[in-house]
Amino acid sequence: MNGPAIRLTDVSREYGDVTALHRVSVDVESGEFVAVMGPSGSGKSTLMHCAAGLDTPTGGEVTVGGTAIGGLNETRRTELRRERIGFVFQSYNLVSSLTVEDNITLPLRMARRTADRAWVSELVERVGLTERRHHRPGQLSGGQQQRAAIARALVARPAVVFADEPTGALDLRAARDVLKLLRSMVDELGQTVVMVTHDPAAAAHADRALVMADGRIVETLAKPSAADLAASLIRVGEG
Ligand SMILES: Nc1ncnc2c1ncn2[C@@H]1O[C@H](COP(=O)(O)OP(=O)(O)OP(=O)(O)O)[C@@H](O)[C@H]1O
């Protein structure tokens with residue numbers, strides 16, 4: 001793909017008299033793993049929702065894989081989200097009545113696309129759930145459920161995967177496995193990942209961290225260590 005996976009140009013989002021985002025411009029390159037950090041209320045979720053076409057900026061422009069999403073009607077925007085964007089949530093959001101494998105292939109069925117069996121098997125293998133592919137989410141640990149959710153987010157080969165606090169509900173070990181998995185999806189498959197997190201240890205897996213305060217990106221750290229990130233959060237008012 002030419003150009004960045006995601007481009008925000010002067011993006012603002014106001015809710016009444018609250019400015020959640022103030023003229024934010026940032027590119028996320030294809031194959032890059034970006035973490036978004038910052039104090040509560042600094043605009044992380046708003047940034048992610050605007051970048052993913054879930055929220056509409058009040059100013060500026062967002063492009064996903066070169067397509068300006070502001071110019072799309074709601075139907076087209078839904079299509080773009082379904083086909084070009086994968087989501088991973090803190091609470092996994094798997095369908096409890098479906099098997100792991102049917103959860104993973106659900107985005108393809110929603111888009112009326114046929115599953116590439118080899119790709120689905122590879123993904124199930126990569127997330128370490130081959131033995132459990134016929135189990136239901138309730139029979140899995142939190143870490144296993146999140147790994148299934150990561151496979152689901154990747155199955156349609158999206159331009160970008162947005163992960164919102166993906167390790168927030170996991171213990172240390174399961175969290176580390178999930179972060180290593182996201183990292184390997186970036187390194188081995190060239191997947192673009194944007195992850196919102198409060199945890200400096202999680203953000204240290206990223207290639208770049210954007211640190212937000214008051215609706216702006218106030219610091220950008222390349223290949224940050226957890227200690228760099230913790231220091232940055234203290235500078236911007238958290239920690
Ligand atoms: N739907 C909304 N209506 C009104 N105000 C909102 C709405 N969504 C967010 N805000 C406000 O915008 C600002 C940024 O919120 P946002 O949720 O993006 O922050 P955040 O950094 O993700 O916070 P947290 O870490 O607590 O999730 C906050 O002041 C918040 O109260």
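How many helices and how many strands make up the secondary structure of the protein? In this predicted model, the secondary structure comes to 8 helices and 10 strands. The C-alpha trace spans about 50 × 40 × 35 Å along its principal axes. A compact globule of 239 residues would have a radius of gyration near 18 Å, and the 17 Å found for the protein agrees with that. As for burial, 44% of the 239 residues count as buried.

Helix H5, covering residues 142-154, packs with helix H6, covering residues 172-189, at an angle of about 20 degrees, and the two axes are 9 Å apart. Angles under 35 degrees count as roughly parallel, so H5 is roughly parallel to H6. The crossing in which H5 passes H6 is right-handed. On the H5 side, the contact is made by Gly 142, Gly 143, Gln 146, Arg 147, Ile 150 and Leu 154. These meet Ala 174, Asp 177, Val 178, Leu 181, Leu 182 and Met 185 on the H6 side. By residue type, the contact of H5 with H6 divides into 7 nonpolar, 3 polar and 2 charged residues. Arg 147 in H5 and Asp 177 in H6 are the charged members.

Backbone torsions bring two further residues into view. Most residues other than glycine have a negative phi. Asp 10 is not a glycine, yet its phi is positive, at about 55 degrees. This residue is placed in strand E1, which runs over residues 6-15. Asp 10 has 13 C-beta neighbours inside 10 Å and therefore counts as partly exposed, since the exposed class takes 12 or fewer.

Lys 223 is another residue other than glycine with a positive phi, here near 40 degrees. Where Asp 10 is in a strand, Lys 223 lies in a loop, the one between strand E10 (216-222) and helix H8 (226-235). With 10 C-beta neighbours inside 10 Å, Lys 223 counts as exposed.

Conventions: Residues are numbered from 1 along each chain as its sequence is written. This is a predicted model: local features need pLDDT of at least 70, side-chain atom pairs count only at pLDDT 80 or more; totals for chains, interfaces and linings use all residues. Axes are lines fitted to C-alpha atoms, for helices over the stretch in contact, and angles run from 0 to 180 degrees between N-to-C directions. Helices (H or I, at least four residues) and strands (E, at least two) are DSSP runs, numbered from the N terminus. Angles under 35 degrees count as roughly parallel, over 145 as roughly antiparallel, 65 to 115 as roughly perpendicular and the rest as oblique. A crossing is left-handed if the near helix is turned anticlockwise from the far one by less than a right angle, and right-handed if clockwise. Two residues are in contact if their C-beta atoms, placed from the backbone, lie within 7 Å. The radius of gyration is taken over C-alpha atoms; the globule rule is 2.2 Å times the number of residues to the power 0.38. A residue is buried if 20 or more other C-beta atoms lie within 10 Å of its own, exposed if 12 or fewer, and partly exposed in between; C-beta atoms are placed from the backbone.
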